[in-house]
Amino acid sequence: MARSVSYITPSQLISLNRTKSVAIVDVRDEERSYDAHIAGSHHYASDSFEEKMPELLQAVEGKDTLVFHCALSKVRGPSCARMFADYLSEMKDDARINKVMILERGFNGWHSSGRPVCRCTDIPCKGEIE
């Protein structure tokens, strides 16, 4: 049975992230390196996303909600979120991930609304959304 994918606003993400049970997954490609990113996000570029899904699953161990985004969350973010939701549905193990979500308006919407961004080069980013 396929898992559903839903959308989340930046305000909802900030509130939800306070629980520390959320992982943010940035699937932008090279633009992450020069366009900043959401603090604490994991980077899994869309062009190699499918082959890295097992790695992502290990990286988000202990989280129950994943929020995907790209620049606008119109193509890459939603397609990777759906691909990962399907991957979870096919797994025999219970990954304990209850929600797969997409950030409305993506990184560009997040940044243009004045939300905090990080410009570190750490992978994964060790920053936190405040």
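This is a predicted model: local features need pLDDT of at least 70, side-chain atom pairs count only at pLDDT 80 or more; totals for chains, interfaces and linings use all residues.

Trainee: How many bridges join strand 1 to strand 5?

Mentor: Four bridges join these two parallel strands. Within strand 5, Ile102 stands opposite Tyr7, and Met101 stands opposite Ser6. Strand 5 (residues 99–103) also pairs with strand 4 in the parallel sense, over four bridges; there Val100 is the bridge partner of Leu66. On to the next pair: strand 4 and strand 2 (residues 22–26) are parallel and share five bridges, with His69 of strand 4 as the bridge partner of Asp26.

Trainee: Is strand 4 buried or exposed?

Mentor: A residue is buried under 20% relative accessible area, exposed over 50%, and partly exposed in between (1.4 Å probe, protein chains only). The areas come from the Shrake-Rupley method, and for residues only the protein chains shown count as cover. Strand 4 (residues 65–69) is largely enclosed by the rest of the structure, because five of its five residues are buried.

Trainee: Which residues of strand 4 lie on each side?

Mentor: In a regular strand the side chains alternate between the two faces of the sheet. In strand 4, Thr65, Val67 and His69 are on one side, Leu66 and Phe68 are on the other, and all are buried, so that both faces are covered. Strand 5 is mostly covered, with four of its five residues buried.

Trainee: How many salt bridges does the model contain?

Mentor: Side chains of opposite charge can pair when their charged atoms come close. A salt bridge is a side-chain nitrogen of Lys or Arg within 4 Å of a carboxyl oxygen of Asp or Glu. By this rule the count is three. In one of them, the closest N and O atoms of Arg28 and Asp26 are 2.7 Å apart, and both residues are buried. Arg28 also meets Asp35 in a salt bridge (3.7 Å, N to O). The relative accessible area of Arg28 is 0%, whereas Asp35, at 30%, counts as partly exposed.

Trainee: Where do Arg76 and Asp29 lie in the chain?

Mentor: Arg76 and Asp29 form a salt bridge too (3.4 Å, N to O). This pair links distant parts of the chain, 47 residues apart: Arg76 is in helix 4 (residues 76–90), and Asp29 is in the loop between strand 2 and helix 2 (31–35). Asp29 is buried, at 17% relative accessible area. Shared partners join Asp26, Arg28 and Asp35 into one salt-bridge network.

Trainee: Which residues form the negative surface patch?

Mentor: Such a patch takes residues with over 30% relative accessible area and no salt bridge, and joins like charges within 9 Å. Asp and Glu count as negative, Lys and Arg as positive, while His and the chain ends are not counted; the place of a charge is NZ of Lys, CZ of Arg, CG of Asp or CD of Glu. The patch here consists of Glu30, Asp47, Glu50 and Glu51. Glu50 belongs to helix 3 (residues 49–59) and is exposed, at 57% relative accessibility.

Trainee: What is the phi of Ser73?

Mentor: Most residues other than glycine have a negative phi. Ser73 has a positive phi of about 60°, although it is not a glycine. Ser73 lies in the loop between strand 4 and helix 4 and is buried, at 6% relative accessibility. Arg105 also has a positive phi, near 70°. Arg105 is in the loop between strand 5 and helix 5 (106–112) and is exposed, at 52%.

Key. Residues are numbered from 1 along each chain as its sequence is written. Side-chain values use heavy atoms; hydrogens and water are left out. Patches are made of residues with over 30% relative accessible area and no salt bridge: like charges are joined within 9 Å, nonpolar side chains (Val, Leu, Ile, Met, Phe, Trp, Tyr) within 5 Å. Accessible areas come from the Shrake-Rupley method with a 1.4 Å probe; for residues, only the protein chains shown count as cover. Two strands pair if DSSP finds at least two bridges between them.
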